[in-house]
Amino acid sequence: MKGYWKYIKPYLPYFILGPLLMLSEVAGEIVLPKIMASMIDVGIANNDISYVIMRALLMFGCICIMIIGGIGGHYMSIKASVLFSADVRKDVFKKVQNFSFKNIDEFSTGSLVTRLTNDITQLQNITRMFLIMAMRSPGMLIGGIIMSLTINPKLALILVVVMPLLAAVITLLLKTAFPRFTAMQKKLDGLNSNIQENITNVRVIKSFVREKFEINKFRNANENLKDSTLNAMKIVIMTMPFMTLAMNITTIVTVWNGGQFVINGSMNVGDLTAFTTYIVQILMSLMMVSMLILQSSRAAASSRRIKEVLNTEVDLTDDEAKHKDAVVTKGKVEFRNVCFKYYTNRSENILKNISFTANPGEIIGIVGSTGSGKTSLVQLIPRLYDVTEGEVLVDEINVKDYSIKHLRDGVGMVLQKNVLFSGSIEDNLRWGDENASMEEIRLAADHAQADGFVTSFTDGYNTELGQGGVNVSGGQKQRLCIARALLKKPKILILDDSTSAVDTATEAKIRSAFETDLKDTTKIIIAQRISSVMHADKILVISEGKVTGFDTHENLLKNNEDYRDIYYSQVDKEVSV
Ligand SMILES: Nc1ncnc2c1ncn2[C@@H]1O[C@H](COP(=O)(O)OP(=O)(O)O)[C@@H](O)[C@H]1O
Ligand SMILES: [Mg+2]
């Protein structure tokens with residue numbers, strides 16, 4: 001529970017009251033056998049009916065108190081565990097929202113989902129169990145021992161033999177169970193990530209007709225989980241009959257020996273009954289404690305995984321920013337000797353000594369083969385990742401010195417892997433600007449050449465999109481993503497291969513809208529097709545992470561071999577088609 005104090009503190013009264021109220025059950029369990037004993041030894045032995053009735057009423061009172069206390073204790077414990085874990089869940093979610101791209105790369109999405117759901121539920125369950133049993137089991141153990149000692153210390157010697165024996169067996173059980181439960185948890189993780197990857201990419205799986213393969217893969221993971229679960233459960237299953245056996249044997253031994261005391265007159269029948277009950281209580285509470293320990297081993301793994309998220313340092317913050325109030329006003333972008341790699345421990349940089357300047361209002365094209373580093377380069381402008389060396393400046397200020405909100409407000413980016421969310425088209429576009437008027441929304445969609453097809457839908461802007469925007473075509477999705485970015489009215493607009501699925505004629509219209517209506521916005525456009533960028537003010541040619549040219553189309557055709565290669569490969573294709 002270390003590290004959770006912050007979450008326990010607001011609900012401390014529940015955390016304390018829960019176990020305390022459970023003490024009423026302990027008191028009841030301890031007193032009841034004693035009352036019963038006097039009922040037998042005094043009331044029944046002397047044929048005193050009124051005594052028996054008085055005792056019975058007393059027992060009834062005890063039971064009422066036990067019920068009230070028990071309900072209260074359970075209620076408080078459940079409340080404490082649910083409220084506590086809701087707060088933990090909230091914080092884990094908040095933390096994940098603040099994660100940088102790099103942080104997200106390190107955890108897989110599947111594992112983050114498991115941590116937010118299954119792991120937190122485990123933590124909640126163990127907290128509840130713990131609160132209910134924390135006082136109850138040890139209370140019954142200690143109370144039982146004390147009571148049996150006061151009734152008959154000689155007979156209580158049985159405990160000296162039975163308890164260490166039982167403790168030894170329980171330890172042995174736990175030792176075998178622990179690794180088995182850990183193995184089970186691992187298999188469950190495996191299954192979860194398997195499901196996560198499959199469901200997220202179910203469309204790709206279907207298009208490649210890989211269902212059979214996937215079903216087999218799943219079957220393996222599922223079989224593994226089944227085997228390891230059975231393996232772990234065997235221990236639990238075996239524990240039960242063993243415990244019953246142990247209890248019955250102890251009872252027989254107790255009654256056998258106690259019987260001798262009763263026969264020679266040194267013990268009452270009622271006391272023997274009470275004594276037997278206490279012995280069973282002691283053994284039961286020992287068993288409960290061992291179950292609790294077993295469960296906590298599972299919860300410990302969950303807790304570790306939750307803390308991993310909570311304790312991850314978000315490696316990209318604006319705490320040290322020197323110009324928190326600055327906003328992007330002009331849209332100038334400058335790279336100065338920028339080097340970048342995704343993993344600090346890798347030796348080779350993905351981007352090497354990149355320097356160039358994009359002036360306000362310019363259109364800058366970026367071309368290069370796949371994997372050359374185009375996406376990595378533009379991601380550094382809105383600080384989705386931080387440079388490894390050198391600096392990126394926007395309006396002459398280092399991007400690290402802006403508040404992240406101001407910087408990203410000024411930079412509109414259409415990511416290469418972009419998504420829409422479930423909700424109406426209008427809702428989706430409003431991500432760019434919550435308070436945009438309908439006119440503004442239409443205008444942005446018009447510039448992105450999306451207004452035409454949106455209005456052709458029966459519901460127009462109210463058309464509901466499925467999760468991820470499944471019910472529009474690839475090209476339509478791209479245009480909606482551009483419109484969404486345009487609504488931000490950014491000073492810098494970055495399109496990462498965002499018109500790849502749009503036909504060339506429509507793309508030309510988007511381009512001319514940019515030229516006339518977004519004059520002041522700096523536009524950085526990554527494209528596969530040279531035709532998409534040949535009209536740009538300047539084109540950055542990038543090859544294996546290095547800039548090999550930064551010039552106009554005509555000049556590059558004359559001077560840059562990489563550019564010529566790309567250009568002619570595409571011209572040839574168009575001729576041969
Ligand atoms: N999130 C990431 N983590 C680690 N490596 C990455 C990541 N994204 C891209 N890379 C690597 O960086 C290199 C450049 O990729 P990228 O910038 O996406 O190229 P491009 O956009 O030009 O196709 C590639 O070698 C790719 O494998
Ligand atoms: Mg890319």
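Mentor: Let us begin with the ligand. Helix 10 (residues 374-379) gives the most to the shell around ligand 1, with three residues. The model is predicted, so local features need pLDDT of at least 70 and side-chain atom pairs pLDDT 80 or more, while totals for chains, interfaces and linings use all residues. Residues are numbered from 1 along each chain as its sequence is written, and chains are lettered from A and ligands numbered from 1 in the order in which they are written.

Trainee: What makes a residue part of the shell around ligand 1?

Mentor: A residue is near a molecule if its C-beta atom, placed from the backbone, lies within 6 Å of it. The residues around ligand 1 include Asp105, Tyr342, Gly371 and Lys374.

Trainee: How do the residues of this shell divide into nonpolar, polar and charged?

Mentor: Two are nonpolar, seven polar and two charged. Ala, Val, Leu, Ile, Met, Phe, Trp, Tyr, Cys and Pro count as nonpolar, Asp, Glu, Lys and Arg as charged, and the others, Gly among them, as polar.

Trainee: What makes strand 1 and strand 4 a pair?

Mentor: A strand is a DSSP run of E with at least two residues, whereas a helix is a run of H or I with at least four, both numbered from the N terminus. Two strands pair if DSSP finds at least two bridges between them. Strand 1 (residues 333-340) and strand 4 (residues 389-394) have five bridges, in the antiparallel sense, and therefore count as a pair. Among the bridge partners, Arg336 has Glu391 and Glu334 has Leu393. Five bridges also join strand 1 to strand 2, again antiparallel, with Val333 opposite Ala358.

Trainee: Why are strand 2 and strand 5 said to stand at the edges?

Mentor: The open sheet has four strands in the order 2-1-4-5, with antiparallel pairing. Strand 2 (351-358) and strand 5 (397-398) each have a single partner strand, so one side of each lacks a neighbour in the sheet.

Trainee: What is the bend of helix 5 at Met133?

Mentor: The bend is the angle between axes fitted to the seven residues ending at a residue and the seven starting there. At Met133 this angle is about 45 degrees, and in helix 9 (residues 269-311) the bend at Arg298 is about 25 degrees.

Conventions: Expected span 1.5 Å × (residues − 1).
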